[in-house]
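Hi everyone, thanks for coming. Have a look at it first.

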Amino acid sequence: MDDNGKSPARPDPWQQLRNLTPARIALGRAGTSLPTAAQLDFQYAHAQARDAVHLRFDLAGLAAGCGQSLALHSAAPDRHTYLQRPDLGRRLNEASVAQLRDYAKAQPEGVDLALVVADGLSALAVHRHAQPMLQRIEALAKDEGWSVAPICLVEQGRVAVADQVAELLGARMVVILIGERPGLSSPDSLGLYFTYAPRVGLNDASRNCISNVRLEGLSYAMATHKLGYLMREAWRRQLSGVNLKDEAQIPVLEGTDEVRPGNFLV
Amino acid sequence: MSFVHTVAGTTWRFESLKQLMAKASPARSGDCLAEIAATSDAERAAAQMALADVPLTRFLSEALIPYEEDEVTRLIIDSHDHAAFAPVSHLTVGGFRDWLLGDDADEASLKALAPGLTPEMAAAVSKIMRVQDLVLVAQKIRVVTRFRNTVGLRGRMSTRLQPNHPTDDPAGIAASLLDGLLYGNGDAMIGINPATDSLSAISELLKMLDGVIQHYEIPTQSCVLTHVTSSVAAIERGVPLDLVFQSIAGTQAANSSFGISLSILQEGYEAGLSLKRGTLGNNLMYFETGQGSALSANAHQGVDQQTCEARAYAVARHFNPFLVNTVVGFIGPEYLYNGKQIIRAGLEDHFCGKLLGVPMGCDICYTNHAEADQDDMDMLLTLLGVAGINFIMGIPGSDDVMLNYQTTSFHDALYARKTLGLRPAPEFEAWLARMDILQQHDGQVRLGSGVPPLFRTALAQLK
């Protein structure tokens, strides 16, 4: 695109505000409409988010990087169904149920912790962040002396599918790592949901959520710190969810020396 | 009593008014998820024919959700104005559609009719209306409200400036706020969805917005969207609060899942009134709604999502709201699957709300897992602009970086002003002209060439 170096669009004379927020401010205007560059930037971001929603979960790729794992599938056969039937994404298909039953038969004493990974609404998030988070959570379990089941990888899964996995495995705690709904600026945000005494039929009131795990969001270290606090407290108090507040003392893990200017308007 | 309709030799039977309404509802994923939708296109069309034959009075004798079980039903029945209903009380649903499209239905007669209509009547007639019917009838109706300015006048459309920030950082909020003001947005309100829901954080945001509005003498109002009980607590602590927010739904059970009831809303309304902060009027409740909210709380009681939504407007109108906002595409594709469903739902909600006397706005929006894009939003924005909507959202570049969804931008509002000649609220329009931000004449929209002097002072602080 050659406009002889000069676009007929006008920039906004408040460009300096752009470093105060990730919001799309000071975009300028063509007439009073969005200039071409800003318009195409938006479309690209939307395309990335859409692609993240429809990206196929690479179970084999993730399994190769884990220790022992089990490949499972929800009752939603495909993405089209998954998006319209959240109830199907919350439970396993029959083959997966049978697979877990078989596994559990050989482990009658159950397990302290089940770890589940599901694509959710962004397989991209899982591909990028699940493995480093799993390593940290497994190290945490080792430190606490908790036994851990093979990692359960669930395709077309929603958060509550973890309850069924855990129930079938006889797990006393479960953590699910799941791709969150992609934002325009965050196609790869991972969410962690933790439940003590998981069983089918629980709702969000029984879970604790740690959201926005990604490079530009909550770091792996911080997410692990918060999760570790919740799990140790849950193990001690035998509960999770709304009655278990995240009161983790936040150590200064990443230096933020930056001084924010505050409300400069008044 | 069941409903039987025979068409072209095939007889269709519907077991109840509730089932008939659900089967007559234009297709959408939420009703399929609830397993109450028509199972074929022909069944849906036949249900619409059967519904068209139902007398409007039937809705006064057959409650979709029992009176004894649901306080929203009790509100609807107990507050029904029989005298206002008289002009259409002899009509069927189909006859009512014809009446609405005719010349007897004008701004004055529709305003007088509103208290005589129940949400179920509005929902029923909307189900047999096409998009152009929903637009044509809605644009006859004006619902005007006042707080520190006047919203809803004919030929005008306001915007809610939504300067959200992922961590509620004051500088980040101020940056988006200034961007929006300089694009002429913010007359419906300056409203923040807080990332942190603590009372102290909410109080700081309210003080910040109040400070900005006072400093620049902006004829608008502020809102921080928190639970109504938190707003009451903030008011008790002397925090400067303009509009009292709450998400509401159309069944008692769904409202209960939001932690509210009619009496809790009444407390919030009275707390807001006690502050006497409105200069032109006392409309001060701000409600958000959206199709699918009752179902998502498993509290729809077999009623289709569009009818549940219309029932939420009966809750809203009881509290003389300043604005009601249907957040149409936020809920996701399991309720409204694609652009077509979102567009139709937005127009139904606007029509039903206006018909019931509610000051409707729309968060014309979508999420990234819905089959929708900017083109769909442009269509809905244009249609709602023609239909005479009271207000839309305005956010930087359509991208809400806190809530992770896309809605209408500051630029989008100017598009509607230019193409449809829609002006801001008169008091705000005068302020924009005085500040040399925006002038609008004869279909032309002119933005000022630089930063107004008062705001230059603010920007200079950042250097």
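**A helix and its cover**

Let's start with helix H10 of chain B: what covers its buried residues includes helix H7 (93-101), H9, helix H18 (339-355) and helix H19 (374-387) of chain B. Before going on, this is a predicted model, where local features need pLDDT of at least 70, side-chain atom pairs count only at pLDDT 80 or more, and totals for chains, interfaces and linings use all residues. Residues are numbered from 1 along each chain as its sequence is written, while chains are lettered from A and ligands numbered from 1 in the order in which they are written.

So which residues of H10(B) are buried? They are Leu134(B), Val137(B) and Ala138(B). Buried means 20 or more other C-beta atoms within 10 Å of a residue's own, with C-beta atoms placed from the backbone. Looking down the axis of H10(B), the buried residues fall within an arc of 95°, so they line one face of the helix. That arc is taken from the directions from the helix axis to the C-beta atoms.

By the way, helices (H or I, at least four residues) and strands (E, at least two) are DSSP runs, numbered from the N terminus.

Now zoom out. Chain B is divided into domain 1 (3-138) and domain 2 (145-447), with bounds from an automatic or database domain assignment. Their centres, over C-alpha atoms, are 27 Å apart. How many residues are in contact there? 33 residues of domain 1 of chain B are in contact with 43 of domain 2 of chain B, contact meaning C-beta atoms, placed from the backbone, within 7 Å. On the domain 1 side, helix H1 (17-24), H2, helix H5 (71-78), helix H9 (119-127) and helix H10 (131-138) of chain B each supply at least two residues.

Next, the two chains. Here 44 residues of chain B are in contact with 40 residues of chain A. Which element gives the most to chain B's side? That's H11(B), with nine residues.

Finally, chain A. It has eight helices and six strands, and its C-alpha atoms fill a box of roughly 75 × 40 × 30 Å, taken along the principal axes. Of the 266 residues in chain A, 43% are buried.

Methods
Contact = placed C-beta atoms within 7 Å. Buried ≥ 20, exposed ≤ 12 C-beta atoms within 10 Å, placed from the backbone.
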